[in-house]
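Student: Hi! I have a new structure open and would like to find my way around. Can we go through it together?

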Amino acid sequence: MRPSHVLPERPLHRLCPAGSMLRTSTLRLLGHGRKSRVSLLEYCRPRCYSSGPLLARGDARDARAYFTTPIFYVNAAPHIGHLYSALLADALCRYRRLRVPSGAATRFSTGTDEHGLKIQQAAAAAGLAPTELCNRVSAQFQQLFREAGISSTDFIRTTEVRHQIAVQHFWEALKARGLLFKGLYEGWYCASEECFLPEAKVAWQPGPSGDSCPVSLESGHPVSWTKEENYIFRLSQFREPLRRWLRDDPQAITPEPFQRAVLQWLEEELPDLSVSRKSSHLHWGIPVPGDDSQTIYVWLDALVNYLTVIGYPDTEFKSWWPTTCHIIGKDILKFHAIYWPALLLGAGISPPHRIYVHSHWTVCGQKMSKSLGNVVDPRICLERYTVDGFRYFLLRQGVPNWDCDYYDEKVVKLLDSELADALGGLLNRCTANRINPSGTYPAFCTACFPSEPGLVGPSVRAQTEDYALVRAVAILPKQVADHYDNFQIYKALEAVSSCVRQTNSFVQRHAPWKLNWESPVDALWLGTVLHVALECLRVFGTLLQPVTPSLADKLLSRLGVSARERSLGELHFLPRFYGCPCPFEGRRLGPETGLLFPRLDQSRAWQLKAHRT
């Protein structure tokens, strides 16, 4: 137990030039000017680290938010690219729930896209009915997302009755506005991408027999010239409305390079768009209302899922739309940023609030491909690196602006360094029985760590670097909020990791293991060092909840932080430094639960040794 016979706090004296007084304020210490005075001096009051972009409109407490992933095509098993899309949406959604604890204010949908020519062909090749193939692969996605902790509120399948009702109603809305007409449509059709391509997007390359064959310039997939009578959407009428939408909202598509790419596409004329196929050619889909000879184009069918989930065509959907954030891969940007907003406008519905775009994952510098045999199975990764570990890796290393590379050694190095050693080691140090024998949140001593730097006295032990740490962790929640708002989760994790390193340096600098609770000289400072480090850990645990929910729960439980104290509204860092009471001071820590995150390289070495024996 910590002794009670510690020295009383003594008066502090300022060091300053003769004839003057040194007044270094907490505000200047934290690197803020006069305008920041209220927010920092009131730091211990309830605060909500919310800001605009993730909320479509209104106050954070009242606004609704709706996050979506693409619905994933069931012609093949899920890979890490699918999981990455889902994790990005999951982290955004979980972070939103930290801001607005009312679960009813946030929805999150994912699902599977189960119609189209590719599904029809894949089922035939496998000797299955399309329904059997869809059930099998959709179940794989659902299982993966359960195992990965994806906290969706809805998993939609486009073969559901509710979706067919929504799609056919949407079709009728376009038809009623005179935006659909039947005509002869011809052009290069790519079955793999389920879309028509303009002449400029087609190249001729040698085929297997040596003959020159037409392929998609972007994907390399084969294309064929198709000519048939279809229903056509008057897409050409929406070029200017789309340009106006993007000019009025420069963040509508994020990151900015993708918005720039869409604006560049809109510099050219938009051709009208075929939105159906002959049923004799494509029977696995939703029939055109009133014309069984035609099947609704798979992309129109798939895009309407975002409306189906929130109740369309019933009027309840309007309470969730357009407070919508789509998370998509860059390969489907044109469908979501041109076709989908145009179709919505055509049906009298506003475009989505945000379209967040991410790039792809490569493997050891190569594109993932079944032919190369380098497709990474995400379920194996979740088992090998733990759920929280692999979630952390993908979100820490994934940068939306450009493709990211995966290889096993990178995962092990990152997780061992940042989760096992830096974060786990910090928690172990500060809760170890030798350093914290009472197993409590020790008291903070304002005499040892005054709120104004430059003070001297017999008890003052805080150094310049320590004030830099306080500043860094004090502004960390706002930094993280800004990064989430800008769809830069990797930067949010980078900022947390930087502060974890600073906190480790703080502990290393003051070496609490060299201090003695029995010493009246050491006791107050030892308690203060541990208090500051535990407060930093509490902030880290709170901010990591959207990315590593189980690990964050383990960390916060070890600190004795209850479930109701884990929202951003309750995140009041180091209140004793600001002259406010700390509810954790003197509280017993939670039970010991072992290592926060065991090192992977040691685990692998042990497994290899066990295998050899």
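**A walk through the model**

Tutor: Happy to! Let's start at Thr 226, which is found in strand S9 (residues 224-233). Helices (H or I, at least four residues) and strands (E, at least two) are DSSP runs, numbered from the N terminus. This is a predicted model, where local features need pLDDT of at least 70, side-chain atom pairs count only at pLDDT 80 or more, and totals for chains, interfaces and linings use all residues. Residues are numbered from 1 along each chain as its sequence is written, and side-chain values use heavy atoms, with hydrogens and water left out.

Student: Is Thr 226 buried or exposed?

Tutor: Thr 226 counts as buried because its relative accessibility is 10%. Buried means under 20% relative accessible area, exposed over 50%, and partly exposed in between (1.4 Å probe, protein chains only).

Student: And what does Thr 226 touch?

Tutor: Setting aside residues up to four places away in sequence, Thr 226 touches Tyr 185, Glu 186, Gly 187, Tyr 189, Phe 196 and Arg 277. Contact means heavy atoms within 4.5 Å.

Student: Let's zoom out. How many helices and strands are in the protein chain?

Tutor: The protein chain has 19 helices and 20 strands. Of its 613 residues, 55% are buried. Among contacts with a separation of 6 or more, 78% are between residues 24 or more positions apart.

Student: Where is Tyr 84?

Tutor: Tyr 84 is in helix H3 (residues 80-99), and it is buried, with a relative accessible area of 2%. Tyr 84 lies 9.5 Å from Gly 329, C-alpha to C-alpha, though the two are 245 residues apart in sequence. Not counting residues up to four places away in sequence, Tyr 84 touches several residues, including His 358, Trp 361, Leu 394 and Pro 400.

Student: Which residues touch the most other members in the largest nonpolar core?

Tutor: Phe 170, Leu 300, Tyr 406 and Phe 540 do, out of 189 residues in that core. H17 gives the largest share of this core, 15 residues. A nonpolar core is a set of buried Ala, Val, Leu, Ile, Met, Phe, Trp, Tyr and Cys residues joined through side-chain atoms within 4.5 Å.

Student: What is Phe 540 in contact with?

Tutor: Leaving aside neighbours within four places in sequence, its contacts include Leu 423, Val 473, Leu 476 and Cys 499. There is also a second, separate core of six residues, with Leu 117, Tyr 185, Phe 196 and Leu 282 among them.

Student: How do H15 and H17 cross?

Tutor: The axes of helix H15 (residues 464-485) and H17 come within 10 Å and cross at roughly 20°. That makes H15 roughly parallel to H17. Axes are lines fitted to C-alpha atoms, for helices over the stretch in contact, and angles run from 0 to 180 degrees between N-to-C directions. Angles under 35 degrees count as roughly parallel, over 145 as roughly antiparallel, 65 to 115 as roughly perpendicular and the rest as oblique.

Student: Which residues meet there?

Tutor: Among them, Leu 469, Val 473 and Leu 476 in H15 meet residues in H17 that include Trp 525, Val 539 and Phe 540.

Student: What about H4 and H5?

Tutor: The axes of helix H4 (residues 117-126) and helix H5 (residues 130-147) come within 8 Å and cross at roughly 100°, so H4 and H5 are roughly perpendicular to each other. Ile 119, Ala 122 and Ala 123 of H4 make the contact with Pro 130, Leu 133 and Cys 134 of H5.
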